[in-house]
Amino acid sequence: MMKVMLSQPMAGKTEEEIIATRERAIAVLKERGYEIINTLFNEESMKERGVENIPLCFLAKSLENMSLCHAAYFCKGWENARGCKIEHEAAKAYGLTIIYEE
């Protein structure tokens, strides 16, 4: 089964908006036969580890999980989010299939 990760802007979004966007993306991708690799991480566990720059740590973990994937799905607004832009460049550079939210 092909594996995919989600790249989703989160800054300025409510938890409800984030969850709704994720659920829509997951439904589309499952319908297409993809297995979704989780890239939603817990901020509290980062604080417990002593992480100083939590968004940077999230990006690092996301890129690590990207290595498990064949594809990356970019939710609307990705081009305005610094982490999503970096994930997009990595996906292009390493030959992942890139899928954009319609």
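The structure is a predicted model, in which local features need pLDDT of at least 70 and side-chain atom pairs count only at pLDDT 80 or more, while totals for chains, interfaces and linings use all residues. Residues are numbered from 1 along each chain as its sequence is written, and side-chain values use heavy atoms, with hydrogens and water left out.

The chain contains four helices and four strands; helices (H or I, at least four residues) and strands (E, at least two) are DSSP runs numbered from the N terminus. In sequence order these elements follow the pattern β-α-β-α-α-β-α-β. The radius of gyration of the chain is 13 Å, close to the 13 Å that the globule rule gives for 102 residues, so the chain is as compact as a globular protein of that length. That radius is taken over C-alpha atoms, and the rule is 2.2 Å times the number of residues to the power 0.38. The C-alpha trace spans about 40 × 30 × 25 Å along its principal axes.

Of the 102 residues, 37% count as buried. Buried means under 20% relative accessible area, exposed means over 50%, and partly exposed lies in between (1.4 Å probe, protein chains only). The chain exposes about 6500 Å², of which carbon and sulfur atoms supply 52%; accessible areas come from the Shrake-Rupley method with a 1.4 Å probe, and for residues only the protein chains shown count as cover. Among contacts with a separation of 6 or more, 68% are between residues 24 or more positions apart. A contact here means heavy atoms within 4.5 Å.

Three bridges join β1 to strand β2 (residues 35-37), and the two run parallel; strands pair if DSSP finds at least two bridges between them. Within this pairing, K3 stands opposite E35 in β2.

Helix α1 (residues 15-31) has 17 residues and reaches 24 Å from its first C-alpha to its last, close to the 24 Å expected at 1.5 Å a residue. The expected span of a helix is 1.5 Å times one less than its number of residues. In α1, the residues I18, T21, R22, A25 and L29 are buried. They cover an arc of only 100° around the axis, which puts them on the same side of α1; the arc is that of the directions from the helix axis to the C-beta atoms. The other side of α1 carries the exposed residues E16, E23, K30 and E31. The buried residues of α1 pack against β1, β2, β3 and β4. After the helix comes G33, whose phi is positive, near 90°.

Helix α3 has 13 residues, which should span 18 Å at 1.5 Å a residue, and its end C-alpha atoms are 18 Å apart, in agreement. Its buried residues are I54, C57, L59, S62, N65 and M66, and what covers them includes β1, β2, α2 (43-49) and α4. One of these residues, S62, has a relative accessible area of 3%. Leaving aside neighbours within four places in sequence, S62 is in contact with M5, T39, F41 and E87.

Helix α4 (residues 82-93) has twelve residues and reaches 17 Å from its first C-alpha to its last, close to the 16 Å expected at 1.5 Å a residue. The buried residues of α4 are C84, E87, H88, A90 and A91. They cover an arc of only 165° around the axis, which puts them on the same side of α4. R82 and A93 are exposed, on the face turned away from the buried side of α4. The helix is followed by G95, whose phi is positive, near 75°.

The loop between α4 and β4 holds L96, which counts as buried at 13% relative accessibility. Not counting residues up to four places away in sequence, L96 touches M66, C69, H70, A71, A72 and A91. L96 and M66 are 30 residues apart in sequence and 8.9 Å apart in space, C-alpha to C-alpha.
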